[in-house]
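Dear colleague,

Please find below the structure I am handing over to you, together with its sequence. My findings follow directly after it.

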Amino acid sequence: MSLFVAMCLFALSMSISPGPVNFITLSTGVNHGFRSALPFVSGATIGFTLLLILTGVGVGAVLSRFPLVLHAMALAGTLFICWIGWQIAASDPDLILKKKEIPGFFKGFLLQWLNPKAWSACLAGISAFNTAAVPSRLAVFTLVYFVICYLSIGSWAVAGDKLKAVLGKPDRLKVFNRVLGAGLICVAVYLLAINAGAALPL
């Protein structure tokens, strides 16, 4: 297997698997449609890409020397994700939400920096592909990840948009929002729990 193919498979498996960002994207697609989800998708992709670059140039190694900072970031991320989960669960499908209430670019960008899954993906990828030893690999890996990450997160928005036909009735949409919101909160708590005792809690 070539290094390029390995990078593609790694990026795909980490980007398309369920997690806080993809759950929020799915919810946005269901409640507001594909186009309304695109700013969040863009923010999440760019936020992750920047995090990957900074991790690749050594920020992750520096932060690992300050475990209390990492624990604080993990806790802040959990609270942020839980807050979004509560907003989804408590949303009223009968209300027409204003544009500013739809998760946008900044929320997607910030979420990646507070997302334990994103930090784990960055640290694992940088280590696995040894970008420190071969700097040109970081550029290739970043470009590959950007494209695959955007398409992967975007696919959740497409899935949500397609589910609108099934969940078109307010009572069905209400159940969907309750379940997805509760699931997002559970994911946030789970990510915090599995990383709580690690040397790198993120």
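Predicted model: local features only at pLDDT ≥ 70, side-chain atom pairs only at ≥ 80, totals over all residues.

**Thr49 and its surroundings**

Leaving aside residues up to four places away in sequence, Thr49 touches Thr142 and Phe146. Thr49 lies in helix 3. Its relative accessibility is 11%, below the 20% limit, and Thr49 therefore counts as buried.

**Overall composition**

The protein chain contains nine helices and zero strands. Read from the N terminus on, the order of the elements is α-α-α-α-α-α-α-α-α. Of the 202 residues in the protein chain, 46% are buried. Among the contacts with a separation of 6 or more, 87% are between residues 24 or more positions apart.

In soluble globular proteins, nonpolar side chains tend to be buried together. In the present model, the largest nonpolar core comprises 44 residues, and Phe141 and Tyr145 have the most contacts inside it. Two or more residues of this core come from each of helix 1 (3-16), helix 2 (20-32), helix 3 (34-56), helix 5 (67-90), helix 7 (116-128), helix 8 (135-163) and helix 9 (170-195). Helix 8 gives the most to this core, namely nine residues.

Which residues does Tyr145 touch, not counting residues up to four places away in sequence? They are Phe10, Ala11, Met14, Ser15, Phe48, Leu52, Ala121 and Tyr150.

**Helix 3 against helix 7**

Two packed helices are described by the angle between their axes and the distance between the axes. For helix 3 and helix 7, the axes come within 9 Å and cross at roughly 45°. The crossing in which helix 3 passes helix 7 is right-handed.

On the side of helix 3, the contact is made by Phe48, Leu51, Leu52, Thr55 and Gly56. Helix 7 takes part through Ala118, Trp119, Ala121, Cys122, Leu123 and Ile126. By residue class, the contact of helix 3 with helix 7 has nine nonpolar residues, two polar and no charged. Phe48 and Leu52 of helix 3 and Ala121 of helix 7 belong to this contact, and these residues are also among those that Tyr145 touches.

With kind regards

Definitions and conventions
Residues numbered from 1 in each chain as written. Heavy atoms only, no water. Core = buried A, V, L, I, M, F, W, Y, C linked by side-chain atoms within 4.5 Å. Buried < 20%, exposed > 50% of the residue type's maximum accessible area, 1.4 Å probe, protein only. Helix = DSSP H or I, 4+ residues; strand = E, 2+ residues; numbered from the N terminus. Contact = heavy atoms within 4.5 Å. Axes fitted to C-alpha atoms, helices over the stretch in contact; angles between N-to-C directions. Left-handed = near helix turned anticlockwise from the far one by under 90°. Nonpolar A, V, L, I, M, F, W, Y, C, P; charged D, E, K, R; others polar.
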